[in-house]
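Work through the exercises below with the sequence and the model open. Each task is followed by a solution in steps.

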Amino acid sequence: MRMYDLILKKRNGGKLTEDEIRTMITDYTNGSIPDYQMSAMMMAIYFNGLDKDETLWMTLAMEHSGEVLDLSSIKGIKADKHSTGGVGDKTSLAVTPMVAVCGLKIAKMSGRGLGHTGGTIDKLESIPGFSTDLTPEHFVNQVNDIGIAIMGQTKDLAPADKKLYALRDVTATVDQMSLIASSIMSKKLASNADVIVLDVKTGSGAFMKSLEDAKALAKEMTEIGHGAGKVTKAVISNMDQPLGRAVGNAIEVREAIDTLNGEGPEDFTKLVFTIGSQLLIASGMYDNESDAKAALQKVIDDGSALNKFAAFVKAQGGDESYVYHPENLPCAKLTVPVVAERDGYIKAMDCEKIGLTSLILGGGRVTKESAIDLSVGLTIEAKVGDYVKKGETLAVLYANDEAKAKEAGETYRNALTIVDEACEKQKIILDMI
Ligand code: URA
């Protein structure tokens, strides 16, 4: 098999075989196929696409390019959720302890934030002492003991995807639906849960700007999951405004804890209950949404979900007292309101710019190596459809540097469109696949 012939075949619109895809991915991972040939292949795929079979073969080849987690010693149903990324997305922090109390086993690999989107690991690390650097043995034992463990992605997990993603990033070939679907699903499959619920975000703060594209991506990913023998569902959720009110790191942990106390913002609580109930239904524990949601409400009301979160924090070296006193989590020294410059209704929020606001304050990463300030962030006081008067607070910034706060404030104001006519509020759940 010559890489030249495969590139030619794909360039001319042909279909690659399973064997060709597997060999190509193996040889690229071990360095026998150079970046320039793989770049040409990515561009050929960008223009001619992959069909359903090719997408599945590509995913399986990437899944098996490294280690597939061995979760066989974990008793019970292993479940995982994945978000395609957004602003203010602290869903994993709240939903995983809730479903763990209900009996699911959460053995989860999470990532760090990059660019305008945040990452679960950074958020958790704002709890003093908390570590996601676990040995595989600790990881599995912790899931067996308390039903939940979250660790950082190991370098051995889907290494082909790591290499390919870096290549796609610099060759303008990231935004191809089958490549995105196979990239995400290869890592999910290598993490080896029995049940996967995907939270596919759409809107100004998401990868998929249109609902149509988000549905198509969700369909591709669920088909891959089914093809690989996993129970896979997708929820399409709104990212045309930040999720909940908190954006940052420690501040998002606080909001997740509020939610576990039954005091979370309405949109975020609704998403947590929707993802949680889909996990319970997909795992066969409940056969309808209202019973699953009632079970989730019970673990909030009796405090067991909050206690589970505390047990999880403690098991990973964190100080659990912060779970009961989240007001003690790191908080920046300056509190700076961003006020409205006119009366009117909020028509739109450019969510990517709002993510950028947190990044400017120091709460996000520009490159993978950047250090971040876990204490900064913002709370959003007015969302789409709300009426504000001139001088009223739109958001509160938490900053450690006045110049950064000024720049972030301007960015935030520019992210909002305020008009005279009344506008509808946004729905959080847009579809389910
Ligand atoms: N996230 C991924 O992991 N891969 C992609 O291709 C896009 C987003």
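**Exercise 1. The second largest cavity**

Task: In this predicted model, find which residues line the second largest cavity, and sort them by class.

Solution. Step 1: The lining of the second largest cavity consists of Met 58, Met 62, Asp 161, Leu 164, Arg 168, Leu 179, Ser 182 and Ser 183.
Step 1: Now assign elements. At least two lining residues come from each of helix H4 (52-63), helix H8 (159-170) and helix H9 (177-191).
Step 2: Sorted by class, four of the lining residues are nonpolar, two are polar and two are charged.
Step 3: For the volume, the second largest cavity holds about 30 Å³ of space.

**Exercise 2. The largest cavity**

Task: State how many cavities of 30 Å³ or more there are, then describe the lining of the largest cavity.

Solution. Step 1: The count is two cavities of 30 Å³ or more.
Step 1: The largest cavity contains about 140 Å³ of space.
Step 2: Its lining has 20 residues, and His 116, Thr 117, Gly 118, Ser 358 and Gly 363 are those nearest the centre of the cavity.
Step 3: Helix H6 (120-124), strand S6 (246-248) and helix H16 (351-361) are the elements that give two or more residues to this lining.
Step 4: By class, the lining of the largest cavity has three nonpolar, 14 polar and three charged residues.
Step 5: Domain 2 (78-324) and domain 3 (331-419) each supply at least three residues of the lining of the largest cavity.

**Exercise 3. Domains and a pocket**

Task: List the domains of the protein chain, and work out where the second largest pocket lies.

Solution. Step 1: The chain is divided into domain 1 (3-49), domain 2 (78-324) and domain 3 (331-419).
Step 1: From domain 1 to domain 3, the distance between C-alpha centres is 43 Å.
Step 2: The second largest pocket has a volume of about 380 Å³. It is lined by 17 residues, with Gln 241, Glu 266, Asp 267, Lys 383 and Gln 426 closest to its centre.
Step 3: Because domain 2 (78-324) and domain 3 (331-419) both give residues to the lining, the second largest pocket lies between these two domains.
Step 4: H12 contributes the most to the lining of this pocket, with three residues.
Step 5: The lining of the second largest pocket divides into five nonpolar, four polar and eight charged residues.

**Exercise 4. The nonpolar cores**

Task: Which residues have the most contacts inside the largest nonpolar core?

Solution. Step 1: The largest nonpolar core has 83 residues, and those with the most contacts inside it are Met 98, Ile 127, Phe 309, Phe 312, Ile 346, Ile 354 and Tyr 412.
Step 1: Helix H12 (residues 266-282) gives the most to this core, namely nine residues.
Step 2: At least three residues of this core come from each of domain 2 (78-324) and domain 3 (331-419).
Step 3: Take Met 98 as a case. With neighbours within four places in sequence left aside, Met 98 is in contact with Leu 260, Val 272, Phe 273, Leu 296, Val 299, Ile 300 and Ala 305.
Step 4: There is also a second, separate core of 22 residues, which includes Met 3, Leu 6, Leu 16 and Leu 179.

**Exercise 5. Lys 9 and its surroundings**

Task: Is Lys 9 buried, partly exposed or exposed, and what is Lys 9 in contact with?

Solution. Step 1: Lys 9 is located in helix H1 (residues 3-11).
Step 1: The relative accessibility of Lys 9 is 28%, so this residue counts as partly exposed.
Step 2: Apart from neighbours within four places in sequence, the contacts of Lys 9 are Gly 14, Lys 15, Leu 16, Thr 17 and Glu 20.
Step 3: Lys 9 and Met 41 are separated by 32 residues in sequence, and their C-alpha atoms are 9.7 Å apart in space.

Notes:
Residues are numbered from 1 along each chain as its sequence is written. This is a predicted model: local features need pLDDT of at least 70, side-chain atom pairs count only at pLDDT 80 or more; totals for chains, interfaces and linings use all residues. Side-chain values use heavy atoms; hydrogens and water are left out. A nonpolar core is a set of buried Ala, Val, Leu, Ile, Met, Phe, Trp, Tyr and Cys residues joined through side-chain atoms within 4.5 Å. Buried means under 20% relative accessible area, exposed over 50%, partly exposed in between (1.4 Å probe, protein chains only). Helices (H or I, at least four residues) and strands (E, at least two) are DSSP runs, numbered from the N terminus. Domain bounds come from an automatic or database domain assignment. Contact means heavy atoms within 4.5 Å. On a 1 Å grid over the protein atoms alone, a cavity is a set of points where a 1.4 Å probe fits but cannot get out, and a pocket is an open set with protein on both sides within 12 Å along at least five of seven lines; lining residues have an atom within 4 Å of a point. Grid points are joined across faces, edges and corners, and a volume is the space filled by probe spheres set on the points. Ala, Val, Leu, Ile, Met, Phe, Trp, Tyr, Cys and Pro count as nonpolar, Asp, Glu, Lys and Arg as charged, and the others, Gly among them, as polar.
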